[in-house]
Amino acid sequence: LVFMVVQFMGLFYFLASGKTVTILPGDPKQVTMKDYYGQESLKKTLSQWLQLLQDPSQLKAMGGEAVRGILLSGEPGVGKSWLAKCIAGEIDIPFIGTDGSSFTSMFMGIGVIKVIRLWAKARSLARRFKSCILFIDEIDALGARGGMSGGFGIAGGGMMGGGGLGTLNRILVEMDGMDEITRMMQAENKARRLLLLKPLSPKDFLVLVIGSTNRPEALDRAMLRPGRFDKKIHVDKPTKADREAVFLGYLGKVANSLSSSDVEALVAFTGGMTPADISQAIKTDACRFAIFDRRDKINRQDIENGLLEQQIGLENPIADWAEDQKYAVACHEAGHAIAQHLLMAHRERIAVTTIKRRGGTLGFMLPVDIEPTYAAPMEDIAKEIVVFMSGYYGAKVATGKPWTGAFGDNRSIQARIWAYYQQSGFGIPLAQTPNQLGGAMKKRIDGWTLELAEQTEQLCEANKGAIVRVAKALVERGTLSGDEVVALIQQETTK
């Protein structure tokens, strides 16, 4: 019987051993805010909290309370997890990292045990170093509103069912009880009094819980009330200046032959991309290209190819391509490029235009933001629709007959039309889905779409010479940079 009990307890202990990453002061893996490139305003905002984390006694002397929870939100790849590590390293305190899904278990109660053990470890380290950061990545896997992840749910009863709700409640209890003396501390304080030592107090140390999520709107409101994850920080995609700092930071860690003009071109090429995109392109993809090209340094083309692999897919040119089909695809992409340059140059620039098959597409024209766009006139949505339509009409005008290949464009067009409606382009939106549109509104939208199609065909007719010139260059060379496309357009319009 004793053997069975010990075996059962050992099984629970093993199941409750969740995966965590611990970085202590002095660890070679420790990083600081110097390793977090860009986002200067965000780092400035965090500096005050960092000072209080480094020495909680200032708050204690004033009678104040330290922040207990910070919620980092933002798109994947913007650097939320990295920021949490840099905060810990900057003030030289321990970092414990885990993820929301690691609390999920087949057996009810395992998640609660994991929480108790994790907080006990965090408190122990905080006592040694005055403060500790406990980081929970993808916390929405644990704290989604309306029910938690984990097995079959509490309604399943018995031993089965992960008990996600109980796990979340335990986390909230632990965050609320930061100032309470635990049983372990009570026992230790008895021993310290016998030894005439000063008793321990929870106010002498601080555990800061940082959570990250891509979906802050999905979190249970109980997690966001004051005293829990009440400080919310949105980590935005990097601006142009931020991307330059990211490039310079990562290029300083690899052998490269890039000039300042190459960096400037790459910064312009990566509008809307995240630090994770840039890091992957430099440290993984570009280095691979250089090694198999028998070079000891990466160059600008290596990085651009790496970024294209991430966004679109591996390059796989077609060897036995019929000339008429190849020319039609070239006209399709040339139509996109001409319309993009004529209509959207104020906001976006052409990064590359190609007819080399990559991923699931035969060719593409890739525009990138000149500067981040936070608000735009409604007419820009109509211009984007024309750019998507111009592939079909570019091929039709240049070859004299319509071609297939506009399936993906049509899906993008439908999305933009719905966005125009939702943004009140046709008045106050009422329908929640396109299927709920009334007959009069649907007729109005269809009429507007036909008007844009006519405008697109007229635009392609007026610039047929430029479409043909760019298409022939694409057939000959396969890929054109944005500057090369613009130069070809200008040659045609000034001849």
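Okay, so the count here comes to seven aromatic pairs, where Phe, Tyr and Trp rings (the six-membered one for Trp) pair if their centres lie within 6.5 Å, with planes under 30 degrees apart called stacked, over 60 edge-to-face and the rest tilted. One of them is tryptophan 418 with tyrosine 421, stacked at 5.0 Å centre to centre and 20° between the planes.

Before I go on: this is a predicted model, with local features needing pLDDT of at least 70 and side-chain atom pairs counting only at 80 or more, while totals for chains, interfaces and linings use all residues. Numbering runs from 1 along each chain as its sequence is written, and side-chain values use heavy atoms, leaving out hydrogens and water.

Back to that pair. Tryptophan 418 and tyrosine 421 sit three residues apart in helix 16 (residues 407–422), so about one helical turn separates them; helices are DSSP runs of H or I, at least four residues, and strands are runs of E, at least two, numbered from the N terminus. Both residues are buried, meaning under 20% relative accessible area with a 1.4 Å probe, protein chains only (exposed is over 50%, partly exposed in between).

Next, tyrosine 420 and tryptophan 448: also stacked, 4.3 Å centre to centre, 20° between the planes. Tyrosine 420 is in helix 16 and tryptophan 448 in helix 17 (residues 439–462), so this pair ties together parts 28 residues apart in sequence. Tyrosine 420 counts as buried because its relative accessibility is 13%, and tryptophan 448 does at 14%.

Last stop, helix 2: its buried residues are Leu42, Lys43, Leu46, Leu50 and Leu53.
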